[in-house]
Amino acid sequence: MDKLERIYLWIATVMLGIFMMAIIYSTLVLSIRIPSDKGKIIVKPGESLVQSVFQTPPFDHPGLYKRGEKEYELVIVGQAWAFNPADIEIPLNSTVRIKATSLDLQHGFYIASTPVNIMLIPGEITVFEYKFKKAGSYRIICNEYCGMLHHAMTGTITVK
C-alpha cells in the first residue's frame with residue numbers, strides 16, 4: 001500500500017469516527033430526533049387532508065388532556081401560520097406527551113429553552129415527550145419556513 005493511500009485511509013477513518021460521535025452526541029445529549037413513524041392520518045377517497053385530520057382522533061379535538069397524575073397529552077395541529085391551540089397552560093413538573101401533525105405544509109414546533117424541536121409533516125403524526133420542570137412562559141415557534149406569515153406562527157406555553 002502506498003504511503004499516500006495510508007494517509008487517506010487514516011483521514012477517512014478519523015472523519016468517520018468524528019461523524020459517528022456527532023450522531024451519538026446529538027441523539028443522547030441534545031435529544032435530537034427525526035420524526036417518528038407513530039402513525040399516519042389516512043385520507044379516504046374523496047376527502048381532503050384537512051377533513052381527514054379533523055375527523056381523526058385525537059386531532060378532532062386539539063388541546064391539553066390529563067392522562068394521569070402529572071401526565072398530560074397535548075394534541076396540536078399546525079396549519080398555515082397558526083398552531084391550534086396556540087396558548088397552553090401546563091402544571092409544573094408535568095410530563096407532556098405531544099402529539100402533533102400539520103394540515104397543509106411542513107411546519108416546525110420548537111419550544112424555546114427546551115429540547116422540544118419537532119417537525120410537523122402533513123398527514124404524519126409526530127410524538128414527543130417532555131417534562132416541564134421550570135415554571136415560566138415558553139414561546140412556541142415554527143422554525144420551518146412556511147410562507148409569507150411564517151414569522152407570525154407562534155404560541156405560548158405557560159407552566160405554573
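Trainee: Which residues form a positive surface patch?

Mentor: Keep in mind that we're looking at a predicted model. Lys and Arg are what count as positive here. The patch is formed by K66, K70, K131 and K133.

Trainee: Is K131 buried, partly exposed or exposed?

Mentor: K131 is found in strand β8, which covers residues 126–132. Buried means under 20% relative accessible area and exposed means over 50%. K131 has 37%, so it falls in between and is partly exposed.

Trainee: Zooming out, how many helices and strands are in the protein chain?

Mentor: Let's walk along from the N terminus: the elements run α-α-β-β-β-β-β-β-β-β-β-β. Count them up and you get two helices and ten strands.

Trainee: What radius of gyration does the protein chain have?

Mentor: Start with the outline: the C-alpha trace spans about 65 × 45 × 30 Å along its principal axes. A compact globule of 160 residues would have a radius of gyration near 15 Å. For the protein chain, the value is 20 Å.

Trainee: Last one: what share of the residues is buried?

Mentor: Use the cut-off again, under 20% relative accessible area. Of the 160 residues in the protein chain, the buried ones make up 32%.

Notes
Residues numbered from 1 in each chain as written. Predicted model: local features only at pLDDT ≥ 70, side-chain atom pairs only at ≥ 80, totals over all residues. Heavy atoms only, no water. Patch = residues over 30% accessible without salt bridge, like charges linked within 9 Å, V, L, I, M, F, W, Y side chains within 5 Å. Areas by Shrake-Rupley, 256 points an atom, 1.4 Å probe, with all protein chains shown as cover. Salt bridge = Lys/Arg side-chain N within 4 Å of Asp/Glu carboxyl O. Charge placed at Lys NZ, Arg CZ, Asp CG, Glu CD. Helix = DSSP H or I, 4+ residues; strand = E, 2+ residues; numbered from the N terminus. Buried < 20%, exposed > 50% of the residue type's maximum accessible area, 1.4 Å probe, protein only. Rg over C-alpha atoms; globule rule 2.2 N^0.38 Å.
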